[in-house]
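Work through the exercises below with the sequence and the 3D view side by side. Each task is followed by a solution in steps.

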Amino acid sequence: MNIILLGPPGAGKGTQASRLVADRGMVQLSTGDMLRAAVKAGTPVGLQAKAVMESGGLVSDEIVSGIIGERLDEMDRDSGAIFDGYPRTEAQAHSLDTLLGDRGRDLDHVIELEVDEDALVERITGRFTCAKCGEGYHDKFKLPKFEGVCDVCGSSEFKRRADDNEETVRTRMAEYRAKTAPILPIYEARGLVKRVDGMADIDEVTRQIEAILDA
Ligand SMILES: [Zn+2]
């Protein structure tokens, strides 16, 4: 089972991917993370990517494909792959078909976590965490039981991420739409796109994804 997981930042893609990794032994192939890991490990493709990045250039599709290929080759044949942040262009979508096809794998589903933009803004701008233990809270959905005191560790220091503001969220949303716009029609035409309600409760989103994978 190989899937592409789509959704704007804040839609809960990371949480859902981690659950699929933990529950089904799938492997998450996040191109950004993989690129950093390949550079660090000094693999042949990683060295090429490092040279390009150091010269201030953009990492080519060929290098990204090379990194994905290296990772797929390391994976257990029975483990499914979750692609995250890739493909982003029609050319990359075709490369992915080749990468999978060469290894006897198929792309099974393209799952999009659908979000309501205004609700997403509310969800993201309201979140904050305990500065000491990292427990997550929300102005509207999850306040500490005693105001100003962390439920878990009792600390009274909290922090908010600077980029959790409305303007940033709306910009990221627009970027996401621009990036997925070129690839969605390709997969729509192949009947691979499945949509889940990304605004539902986390467990419900997981149930919806599991139902698609088990169908
Ligand atoms: Zn705490």
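Axes here are lines fitted to C-alpha atoms, for helices over the stretch in contact, and angles run from 0 to 180 degrees between N-to-C directions. The model is a predicted one.

**Exercise 1. Describe how α4 and α5 pack, and list the residues that meet.**

Step 1. Locate the helices: α4 covers residues 61-74 and α5 covers residues 90-101.

Step 2. Take the two values that describe the pair: the angle is about 30°, and the axes are 10 Å apart.

Step 3. Classify the angle. Angles under 35 degrees count as roughly parallel, and α4 and α5 are therefore roughly parallel to each other. Their crossing is right-handed.

Step 4. List the contact. From α4 come Asp61, Ser65, Ile68, Gly69 and Leu72, and they meet Ala91, Gln92, Ser95, Leu99 and Leu100 of α5.

Step 5. Sort by class: the contact of α4 with α5 has five nonpolar residues, four polar ones and one charged.

**Exercise 2. Is α1 parallel or oblique to α9?**

Step 1. Helix α1 spans residues 13-24 and helix α9 spans residues 202-214; they pack at about 55°, with 10 Å between their axes.

Step 2. That angle makes α1 oblique to α9. The crossing of the two is right-handed.

Step 3. On the α1 side the contact uses Thr15, Gln16, Arg19, Leu20, Asp23 and Arg24; on the α9 side it uses Ile202, Asp203, Val205, Thr206, Ile209, Glu210, Leu213 and Asp214.

Step 4. Counted by class, the contact of α1 with α9 holds six charged, five nonpolar and three polar residues.

**Exercise 3. Characterise the packing of α2 against α3.**

Step 1. Helix α2 (residues 31-41) and helix α3 (residues 44-54) have axes 7 Å apart, at an angle of about 105°.

Step 2. This makes α2 roughly perpendicular to α3.

Step 3. Leu35, Ala38 and Val39 of α2 make the contact with Gly46, Ala49, Lys50 and Met53 of α3.

Step 4. Five residues in the contact of α2 with α3 are nonpolar, one is polar and one is charged.

**Exercise 4. Which protein atoms are donors of the zinc ion, and what is the geometry of the site?**

Step 1. The donors are the SG atoms of Cys130, Cys133, Cys150 and Cys153, lying 2.3 Å from the zinc ion.

Step 2. The angles among the four donor atoms are 103 to 114°, and the site is tetrahedral. For comparison, the ideal angle for four tetrahedral donors is 109.5 degrees.

Step 3. Along the chain the donors have the spacing C-x2-C-x16-C-x2-C.

Step 4. Cysteine 133, in the loop between β5 (127-130) and β6 (136-138), and cysteine 150, in the loop between β6 and β7 (158-159), are 17 residues apart, and this pair links distant parts of the chain.

**Exercise 5. Where does leucine 143 lie, and what is it in contact with?**

Step 1. Leucine 143 is placed in the loop between β6 and β7.

Step 2. Leaving aside neighbours within four places in sequence, leucine 143 is in contact with Phe128, Tyr137 and His138.

**Exercise 6. Find the residues joined by a cis peptide bond.**

Step 1. The bond joins tyrosine 86 and proline 87, with omega of about -5°.

Step 2. Proline 87 sits in the loop between β3 (81-84) and α5.

Step 3. As background, most peptide bonds are trans.

Definitions and conventions
Residues numbered from 1 in each chain as written. Predicted model: local features only at pLDDT ≥ 70, side-chain atom pairs only at ≥ 80, totals over all residues. Heavy atoms only, no water. Helix = DSSP H or I, 4+ residues; strand = E, 2+ residues; numbered from the N terminus. Parallel < 35°, antiparallel > 145°, perpendicular 65-115°, else oblique. Left-handed = near helix turned anticlockwise from the far one by under 90°. Contact = heavy atoms within 4.5 Å. Nonpolar A, V, L, I, M, F, W, Y, C, P; charged D, E, K, R; others polar. Donors = N, O, S within 2.8 Å, 3.2 Å for Na, K, Ca; no water. Tetrahedral: all angles 85-135°; square planar, octahedral: opposite > 155°, others 65-115°.
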